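Subject: Structure handover

Hi,

Here is the structure we talked about. Please open it and keep it beside you while you read the notes below.

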Amino acid sequence: MEQFEQSFHNISYDPKLLSGKKRLHFVGIGGSGMFPLVQILHAAGYTITGSDVLEGDIIQYERQLGIFVSIPHAAENVEGADLVIYSAAILPGNPELARASQLGIPMVERSVMLGYVQRMYPHSICIAGTHGKTTTTGMTTQILQMAGRDPAAVIGGKLPLIDGYGKAGKGDNIVVESCEFSNTFLHLAPWQSVILNIDNDHLDFFGSMENSRRAFRKFAQLTQWKVLANADDADTMKALSGLGDKVVPFGRTAACHYQARDIRQIRPAFYGFGFWCGEEKVCDIALSVPGAHNVYNALAAAASAHLAGLGGSEIAAGLAAFRGTGRRFEILGHTSCGAVVADDYAHHPTELAATLNAAKQMGFRKVFAVFQPFTYSRTKLLLDDFARVLSIADQVVMTEIMGSRETNDQYHIYTADLAAKIPGSVWYPDFEGVVQYACTHAGAEDLILTLGCGDIYKAAKMMLGR
């Protein structure tokens, strides 16, 4: 709670931060969240250097741009830099941060720099919400890119169209996935924003749903022009109460400015709908990503693009061509026995329910949910909800909880506690156990779906060819 209040009240913006700066150094430059900022600032003419602990694909891309990247971190890497940008994953004792402090070089965390980068584009579209941010940001970017707008983008998943997690753009638009955790989205000042939904996640930080709504309301108040808001989500509308004409509602009812009408399955698990603005039909939309929940994501993306001045044919074409982002129901391949292996980032009961319901509609003989619980606080708080939604699958296989930023000292919660509430479920302390179980029991016509926001995707890749 104290952390929430501090970050809620201590957000600041210095318009002179980049004035006179020429060389920017990125600590943790190989991260997917850093790469779009590197691309945009490099294209803007800054000299970029960086460092990380391991080589990787992103670092190779950066080197192809002519950026000097050092492996590993070393104090001398920051010498000569005008500004140091560091990832939230970088620990305080990092030698480069320590040396920058000694030299008096200003330092900013990645989410703070995102606010400065966003302000470089006059018509930013910042997409927030507990669920659906990555998909909606990807959809919106796809529409604008295919329509020739050449937007910049910062996306939480890899978008195949641009072969990356974001891009520099020469147009007026930047599309930004705007994360609520730690109030990082309050560093933004959107021209246009979207709030998809507000749910009971990250309560270890927010402390209460009231604080979560406060944060989203402040995000809306930071928006310069219009806030597209899901009128069918009660907490979203409660958070935005009293903000007047700034709020543009979207949803399924005729009272919404933007509406999805005549929602229908065009094939098992895939949906289409009519996109309306008031009493005018803009276009028909047919989705190429599964799940009824994607109707809302697509409606938000369509509304964002329409507010940005695009027409119905451009919106429909962009959404028809969108086939997802990385780790969002991403089909990876098959086991040697013919089972389909897919991976999804879902880590909250609402997301798990949406993904598993979509999977169950797709005609597989059995759906195997391979789940990695993420953080002790979320698992304990939502234990019964996790048990209820995971039971949608035909077979549940789990790993031990990934604690991430937390320790289990105060929670005393284990995967065994969750497994006890799901009849027939099994769990293993390591990936080899879940891989062996899934590949032994799933065959042709089955789906193995790895689920979680940690590193469970590694288990999915281990299954390929097994």
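Two aromatic rings, from Phe, Tyr or Trp, count as a pair if their centres lie within 6.5 Å. Keep in mind that this is a predicted model.

**Aromatic rings.** By that rule there are 13 aromatic pairs. Ring pairs join Phe 4, Phe 8, Phe 181, Phe 205 and Phe 206 into a cluster. Charges meet rings too. The charged end of Arg 119 sits over the ring of Tyr 13, 3.9 Å from its centre. Likewise, the charged end of Arg 328 sits over the ring of Tyr 345, at 4.2 Å from the centre.

**Helix α3.** This helix covers residues 57-64. Which of its residues are buried? They are Ile 58, Ile 59 and Glu 62. These three cover an arc of only 100° around the axis, so they lie on the same side of α3. An α-helix has 3.6 residues a turn, so residues three or four places apart point the same way. Asp 57 and Gln 64 are exposed on the other side of α3. The buried residues pack against α2 (35-43), β3 (68-70) and β8 (164-167). After α3 comes Gly 66, with a positive phi near 95°.

**Leu 228.** Look for this residue in strand β11, residues 226-230. Is Leu 228 buried or exposed? Its relative accessible area is 0%, so Leu 228 is buried. Leaving out residues up to four places away in sequence, its contacts include Val 194, Ile 195, Val 248, Phe 250, Tyr 258 and Leu 307. Val 176 is 52 residues away along the chain, and its C-alpha atom is 14 Å from that of Leu 228.

Best wishes

Terms used:
Residues are numbered from 1 along each chain as its sequence is written. This is a predicted model: local features need pLDDT of at least 70, side-chain atom pairs count only at pLDDT 80 or more; totals for chains, interfaces and linings use all residues. Side-chain values use heavy atoms; hydrogens and water are left out. Helices (H or I, at least four residues) and strands (E, at least two) are DSSP runs, numbered from the N terminus. Buried means under 20% relative accessible area, exposed over 50%, partly exposed in between (1.4 Å probe, protein chains only). Contact means heavy atoms within 4.5 Å. The arc is that of the directions from the helix axis to the C-beta atoms. Rings of Phe, Tyr and Trp (its six-membered ring) pair if their centres lie within 6.5 Å; planes under 30 degrees apart count as stacked, over 60 as edge-to-face and the rest as tilted. A charge sits over a ring if NZ of Lys or CZ of Arg is within 6 Å of the ring centre and within 35 degrees of the ring normal.
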